[in-house]
Amino acid sequence: MSESRKVYANPKQIKFLKSRARRKTFNAGRGSGKTTTLGFKAGMIFDRFPRSKWGLIGLTYVQLDLVVLPGLKEALELMGQVEYSKANPFGTYVIGVRPPDHWPKPFKAPGKLGYQYCITHISGATLQLISQDRPETHRGLNLDGGLADESALIKTDFLNKVVKPTFRANRYKSFSSDPWHHGFFDFTSAPWTQEGMHIYHTEELWQKELELRKTFSAEQLKSTPPETLFVESTYVDNSEILPPDYADKLREELDPLEFEVEVLNRRIGKLPNCFYHAFGTSKHCYFESYGYQHDDKSGLTLYQSNDYHSDKPLDISLDFNADICWALVGQEINRELRVVNSKYTKPVLHDQDTNLVLQIAAWFTSTYENHAKKEVFVYGDPGGRSRSAATSNENKPFFDQFATALARKGWKVFRRELTAYPRHKDKYLLINLLLEESNPRAPRIRINQNTNKVLIIAIQSTPVRIGDTFEKDKTAERQLKNREFATDGTDALDYWLWAKCRQLLPGHRKQQNTLYVV
């Protein structure tokens with residue numbers, strides 16, 4: 001029997017870890033000890049399920065390697081367990097390598113190359129890394145259960161059709177009667193999208209079960225383990241071990257809505273009268289994924305982002321306003337129009353001379369400094385072509401300022417801003433036609449969910465005016481305290497899509513764009 005060790009856990013963590021439920025969700029914001037709880041759970045599984053094999057599920061191997069494993073190792077160290085190596089032969093687990101020959105092996109041992117994706121414990125219990133961006137490599141597994149990190153970001157189809165059907169191993173082993181066997185335990189912050197709301201299905205089942213268990217006798221409660229548990233937690237539950245100014249610092253670093261969602265677990269909804277009614281994050285959004293290649297010299301599996309192509313030109317679409325300026329960076333890849341990044345700038349009270357357009361230009365040239373092919377096609381707001389008192393001290397139009405700033409940094413700029421605003425109804429019909437993906441000639445719209453959170457929220461919360469004008473309701477631009485969540489960012493998206501795809505609208509008359517090369 002392993003030596004007992006006293007470890008600190010807050011009341012919410014204790015509730016989660018001690019529960020006998022086979023299906024548990026730990027819905028927790030930043031600072032609540034989410035990854036630590038996952039690590040504690042893994043350590044308990046190592047002890048309770050010798051020679052078993054469980055899945056550790058995440059979006060990508062990169063996320064599991066860079067974010068989850070460090071927190072898991074830290075939690076295991078708190079439990080008195082450290083990584084084995086030649087320098088530390090008293091370690092109790094190995095990561096990414098074949099375990100020592102004298103250690104017990106799992107009943108369903110990984111193949112010769114499989115250990116590079118495993119955490120193997122001295123008890124023989126093994127966690128196998130499972131990545132959503134490589135679904136073809138996980139079919140046919142036999143697992144005793146799974147732990148998922150940031151499950152709100154993982155597609156339900158991947159969990160239900162690829163991962164959970166593998167929970168079928170060791171039905172007749174000594175630990176098969178443990179209520180955790182074939183369990184699924186997920187750890188996640190609040191979802192940003194409607195598709196991520198699947199995490200609350202556990203809450204619905206748990207609440208129904210609570211009502212049922214109220215009718216149980218004390219003996220029944222003791223002899224019948226619960227099936228589900230849903231625990232919500234924030235940094236407040238973990239305040240005993242956090243710095244006193246933890247929340248204040250996060251408020252300074254994050255946008256207000258980011259703070260409410262990622263720290264306080266606020267739930268976001270979608271408007272029923274949405275301008276982008278055909279939009280859905282499961283279809284139109286993606287997470288930055290990676291290509292993996294084994295390097296024979298180093299023995300490592302190397303990864304490279306395949307989000308966009310550095311050897312091809314970029315597109316950027318701009319929306320200008322005195323209160324906020326927006327930029328969307330995109331690229332056409334095969335038959336996809338990808339929004340790979342976005343940025344907004346707002347005036348700073350103590351710096352009245354700040355030029356929002358030049359701030360956007362500086363962000364773009366800095367972010368894409370290492371882009372191999374320094375060519376960019378500039379789209380956007382027709383109003384940015386005119387001169388006014390709000391443009392600059394030299395009375396230069398916004399697009400002129402932006403193009404000049406990029407050219408000074410070595411970029412070749414092709415200007416393709418619109419010369420006139422499209423009709424609201426035409427724009428509404430075209431964009432939802434693209435989102436519906438019913439036209440085989442039309443490109444597919446795909447938005448990077450990592451880098452465009454605010455844009456996606458704006459897309460889901462932009463209403464359409466009642467009537468037959470199909471005009472966006474821009475009331476939020478006047479009323480919202482946080483202007484970035486109004487419609488401005490979606491306008492930048494509209495300009496780009498209209499310029500690229502307006503010829504697909506039935507009956508559309510060809511309109512000439514202005515083309516400048518700087």
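Which residues in α13 meet G489, T490 and L493 in α15?

What you see is a predicted model. The chain has 518 residues, and 51% of them are buried. There are 15 helices and 18 strands in the chain. If you take the contacts with a separation of 6 or more, 71% of them join residues 24 or more positions apart. As for the surface, the chain exposes about 25,300 Å², and carbon and sulfur atoms supply 51% of that area.

Now the opening question. The residues in α13 are L455, A458 and I459. Helix α13 covers residues 453–460, and helix α15 covers residues 488–501. Their axes come within 8 Å and cross at roughly 90°. Angles of 65 to 115 degrees count as roughly perpendicular, so α13 is roughly perpendicular to α15. By type, the residues of this contact are 4 nonpolar and 2 polar, with no charged ones.

On the spacing of residues in a helix, one general point: an α-helix has 3.6 residues a turn, so residues three or four places apart point the same way.

Next, helix α8, residues 256–263. Is α8 mostly covered or mostly uncovered? Mostly covered: 6 of its 8 residues are buried. The buried ones are L257, E258, F259, V261, E262 and V263. Note that two glutamates, E258 and E262, are in that list. The buried residues of α8 pack against α7, which is 246–253, and against α13. After α8 comes N265, with a positive phi near 65°.

That is the end of my part.

Key: Residues are numbered from 1 along each chain as its sequence is written. This is a predicted model: local features need pLDDT of at least 70, side-chain atom pairs count only at pLDDT 80 or more; totals for chains, interfaces and linings use all residues. Side-chain values use heavy atoms; hydrogens and water are left out. Axes are lines fitted to C-alpha atoms, for helices over the stretch in contact, and angles run from 0 to 180 degrees between N-to-C directions. Helices (H or I, at least four residues) and strands (E, at least two) are DSSP runs, numbered from the N terminus. Angles under 35 degrees count as roughly parallel, over 145 as roughly antiparallel, 65 to 115 as roughly perpendicular and the rest as oblique. Contact means heavy atoms within 4.5 Å. Ala, Val, Leu, Ile, Met, Phe, Trp, Tyr, Cys and Pro count as nonpolar, Asp, Glu, Lys and Arg as charged, and the others, Gly among them, as polar. Buried means under 20% relative accessible area, exposed over 50%, partly exposed in between (1.4 Å probe, protein chains only). Accessible areas come from the Shrake-Rupley method with a 1.4 Å probe; for residues, only the protein chains shown count as cover.
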